[in-house]
Amino acid sequence: KDLLKGFSVNRAEAEKALGDAEFLKKTQNYFERNKFEYAREEEVRAQHILLQIKPGSGADDEKKVLAKIEDLKAKAKTTDFGKLAVANSEDPGSKVKNGDLGYFSRGKMVKEFEDVAFSAPIGQIMGPVKTPFGYHLIKVTEKREASPADFEKQKIEVAQKLLADEKLTIQIKALEDVVTKGDEPALDSVLKSINAKWDETGIFDLSQDAAP
């Protein structure tokens, strides 16, 4: 997947390829087999600030957490929400990204959080919202409506993926050839062309499913 990022295919190239009946049929067949990948669920993108309630905390401790997050909500009226998240959020995964959780669909978050996120207007700070993790402030930044898979609307996207796959396959075959020949200069050239490199793993157990 990471390698495919280096094999971008523009719209004009995809449209030209779809003019070939055989490639069009191949694209349709791939789409039909993988429709689930192209049906998009309703999604929202949100930032949040989490203040945790530590296990065993008493009522007074919880009141302090609630008071602090209410204070942060007041500050968010005049201070950038992302900066407040970096400085105060206790969710280590998102705080370094200005509290950004990225896009998520229903069923990905706990119910209390999800209910608010999917009903909140864009840009409005909601909360405090209590979940099993603690108290949250939630700011929805973008929304995507659900849409069914539609070949006519998505055929360019599908064609771009298939063409990128083909380009990568050709390069991987070239890589295998130079490895077989032991041609080190050619190997370096091919690796560079696909934005890859050799790396040394160090010692690892041969029973592992993959090398680290």
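**Exercise 1. Describe how α2 packs against α8.**

The axes of helix α2 (residues 21-33) and α8 cross at roughly 105 degrees and come within 9 Å of each other. Axes here are lines fitted to C-alpha atoms, for helices over the stretch in contact, with angles from 0 to 180 degrees between N-to-C directions. Helices (H or I, at least four residues) and strands (E, at least two) are DSSP runs numbered from the N terminus. The model is predicted: local features need pLDDT of at least 70 and side-chain atom pairs pLDDT 80 or more, while totals for chains, interfaces and linings use all residues. Residues are numbered from 1 along each chain as its sequence is written, and side-chain values use heavy atoms, without hydrogens and water.

Step 1. Angles under 35 degrees count as roughly parallel, over 145 as roughly antiparallel, 65 to 115 as roughly perpendicular and the rest as oblique. Therefore α2 and α8 are roughly perpendicular to each other.

Step 2. Contact means heavy atoms within 4.5 Å. On the α2 side the residues are F23, L24, K26, T27, Q28, Y30 and F31; they meet F151, Q154, K155, V158, A159, K161, L162, L163 and E166 in α8.

Step 3. This contact of α2 with α8 has nine nonpolar, three polar and four charged residues (Ala, Val, Leu, Ile, Met, Phe, Trp, Tyr, Cys and Pro count as nonpolar, Asp, Glu, Lys and Arg as charged, the others, Gly among them, as polar).

**Exercise 2. Describe the pair α8 and α9.**

Step 1. Between helix α8 (residues 151-181) and helix α9 (residues 184-193) the angle is about 160 degrees, and the axes are 9 Å apart. The two are therefore roughly antiparallel to each other.

Step 2. Q171, A174, L175, V178 and V179 in α8 meet A186, L187, V190, L191 and S193 in α9. By class, the contact of α8 with α9 has eight nonpolar, two polar and no charged residues.

**Exercise 3. Which backbone features stand out at P128 and N98?**

Step 1. Most residues other than glycine have a negative phi, and most peptide bonds are trans.

Step 2. G127 and P128 are joined by a cis peptide bond, with omega about 5 degrees. P128 lies in strand β3 (residues 125-131).

Step 3. N98 is not a glycine, yet has a positive phi of about 60 degrees. N98 lies in the loop between α6 (92-95) and β2 (100-105).
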